[in-house]
Amino acid sequence: MKVIVLTGLVSIEKAQLARELATHFTNDKLVTIIDNIARVAIEDSPEKVTVKRYSENISKKLGDILQESPSDIAIIALSEQAHPEKLFIELDDLQEQRDDWQIYTLALIDTRTCDCFPNVREALELYADVSIMMPYTLDEVLTYVNHA
């Protein structure tokens with residue numbers, strides 16, 4: 001299974017990117033969006049995409065949640081309240097347990113994160129596979145996740 005984890009403080013953009021990625025991959029794959037965004041829920045899901053909503057902290061439950069998903073691709077729109085260091089420790093542990101899963105992390109970073117929360121930006125950039133500056137383009141994001 002390919003697992004794409006969207007992290008960062010942005011909410012609207014994270015929901016939009018999750019939908020766009022799901023739409024892109026549904027041509028030949030089963031796709032699930034795991035919606036954990038705190039401020040907004042992903043309500044208008046793409047056709048043929050399963051959306052599972054979790055409002056609580058799911059960092060420690062990611063393995064169980066993914067195990068229950070029969071998808072080829074899981075897109076996790078993670079809560080903006082998730083602690084970056086703890087999240088990436090959990091993801092590293094999960095990757096060690098499930099080497100058949102390709103886990104790929106994208107840090108979505110906007111100017112508010114840069115200006116108001118530089119420590120969060122630094123942590124996201126340090127641990128994520130790729131940092132995506134807002135506004136993103138889908139083609140840019142696809143160059144990173146298509147090869148994963």
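**Entry 1**

I started with Asp44, which counts as exposed at 52% relative accessibility. For my own reference, buried means under 20% relative accessible area, exposed over 50%, and partly exposed in between (1.4 Å probe, protein chains only). I am working with a predicted model, where local features need pLDDT of at least 70, side-chain atom pairs count only at pLDDT 80 or more, and totals for chains, interfaces and linings use all residues. Residues are numbered from 1 along each chain as its sequence is written, and side-chain values use heavy atoms, with hydrogens and water left out.

Which residue forms a salt bridge with Asp44? I found Arg19, with the closest N and O atoms 3.3 Å apart. A salt bridge here is a side-chain nitrogen of Lys or Arg within 4 Å of a carboxyl oxygen of Asp or Glu. Arg19 counts as buried, at 16% relative accessibility. Arg19 sits in helix 1 and Asp44 in the loop between strand 2 and strand 3 (49-53), so the pair ties together parts that are 25 residues apart in sequence. Helices (H or I, at least four residues) and strands (E, at least two) are DSSP runs, numbered from the N terminus.

I searched the whole structure and got six salt bridges. Lys60 pairs with Glu90, the closest N and O atoms being 3.4 Å apart. Lys60 lies in the loop between strand 3 and helix 2 (62-67) and Glu90 in helix 3 (residues 84-97), so this pair ties together parts 30 residues apart in sequence. I noted Lys60 as exposed, at 70%, and Glu90 as partly exposed, at 22%.

**Entry 1: strand 4**

How many residues of strand 4 are buried? I count five of the five, so strand 4 is largely enclosed by the rest of the structure. Ile73, Ile75 and Ala77 cover one side, and Ala74 and Ile76 the other.

Next I checked the neighbours; strands pair if DSSP finds at least two bridges between them. Strand 1 runs parallel to strand 4, joined by five bridges, and Lys2 stands opposite Ile73. Strand 2 is also parallel to strand 4, again with five bridges, and Thr32 has Ala74 as its bridge partner.

**Entry 2: the core**

The largest nonpolar core has 27 residues, and Ile75 is among those with the most contacts inside it. Such a core is a set of buried Ala, Val, Leu, Ile, Met, Phe, Trp, Tyr and Cys residues joined through side-chain atoms within 4.5 Å. Helix 1 gives the largest share, six residues.
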